[in-house]
Amino acid sequence: MTVRRTEVRPAPNVPGIDPLDIPNLSEPQVFAYLHEMNDHITRRMVRDAVLHKELRGVKRGNKNLFSRRAALSWMTGDDE
């Protein structure tokens, strides 16, 4: 079994757009980002949230990309 470390880079700076609103995190990166803040977040919780459309992202190609604000609001239970 191989263990992979998922790296989450800082949000890009785009003039006029808040870095929290830029959707550039994949599902494993959302887990790594949230798990760093809260140890109780599991991969299964993030996966189920995406499947049940509680955590909504932007579809690009074959994958969904999520913003940091969407991930944080899902974790805290805020309605968007």
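Helix axes are lines fitted to C-alpha atoms over the stretch in contact, and the angle between two of them runs from 0 to 180 degrees between N-to-C directions. With that convention, the axes of helices α1 and α3 come within 10 Å and cross at roughly 50 degrees.

**Confidence**

The protein chain has an average pLDDT of 89, and 94% of its residues score at least 70. Confidence is highest in helix α2, residues 43-51, at 95. Strand β2, residues 63-65, has the lowest value, a mean of 91. Where pLDDT is low, the predicted coordinates should not be read in detail.

**Helix α1 and its two partners**

Helix α1 spans residues 27-37.

| Helix pair | Angle | Axis separation |
|---|---|---|
| α1 and α2 | about 130 degrees | 9 Å apart |
| α1 and α3 | roughly 50 degrees | within 10 Å |

An angle over 145 degrees would count as roughly antiparallel, and 65 to 115 as roughly perpendicular; α1 and α2 are therefore oblique to each other. The crossing of α1 past α2 is right-handed. On the α1 side, the contact is made by Glu27, Val30 and Phe31, and on the α2 side by Arg43, Val46, Arg47 and Val50. These contact residues comprise four nonpolar and three charged, with no polar ones.

Helices α1 and α3 are likewise described by their angle. Angles under 35 degrees count as roughly parallel, and α1 and α3 are therefore oblique to each other. Their crossing is right-handed. Here Val30, Tyr33, Leu34 and Met37 of α1 meet Arg68, Ala71, Leu72, Trp74 and Met75 of α3. By class, this contact has eight nonpolar residues, one charged and no polar.

**Burial in α1 and α3**

Which residues of α1 are buried? They are Gln29, Val30, Phe31, Ala32, Tyr33 and Leu34. The buried residues of α1 pack against α2 and α3, the latter being residues 68-76. An α-helix has 3.6 residues a turn, so residues three or four places apart point the same way.

In α3, the buried residues are Arg68, Ala70, Ala71, Ser73 and Trp74. The elements that cover them include α1 and α2.

**Two residues of α1**

Val30 lies in helix α1. Buried means under 20% relative accessible area, and Val30, at 0% relative accessibility, therefore counts as buried. Apart from neighbours within four places in sequence, Val30 is in contact with Leu25, Val46, Leu55, Phe66 and Ala71. Val30 and Leu72 are 42 residues apart along the chain, and their C-alpha atoms are separated by 9.4 Å.

Met37 also lies in helix α1. Is Met37 buried, exposed or partly exposed? At 46% relative accessibility, Met37 counts as partly exposed. From Met37 to Arg56 the C-alpha separation is 20 Å, and the two residues are 19 apart in sequence.

**Backbone features outside the helices**

Lys53 lies in the loop between α2 and β1, the strand of residues 58-60. The phi of Lys53 is near 60 degrees, a positive value in a residue other than glycine. Lys53 is exposed, with a relative accessible area of 53%.

Technical notes:
Residues numbered from 1 in each chain as written. Predicted model: local features only at pLDDT ≥ 70, side-chain atom pairs only at ≥ 80, totals over all residues. Heavy atoms only, no water. pLDDT = per-residue confidence, 0-100. Helix = DSSP H or I, 4+ residues; strand = E, 2+ residues; numbered from the N terminus. Left-handed = near helix turned anticlockwise from the far one by under 90°. Contact = heavy atoms within 4.5 Å. Nonpolar A, V, L, I, M, F, W, Y, C, P; charged D, E, K, R; others polar. Buried < 20%, exposed > 50% of the residue type's maximum accessible area, 1.4 Å probe, protein only.
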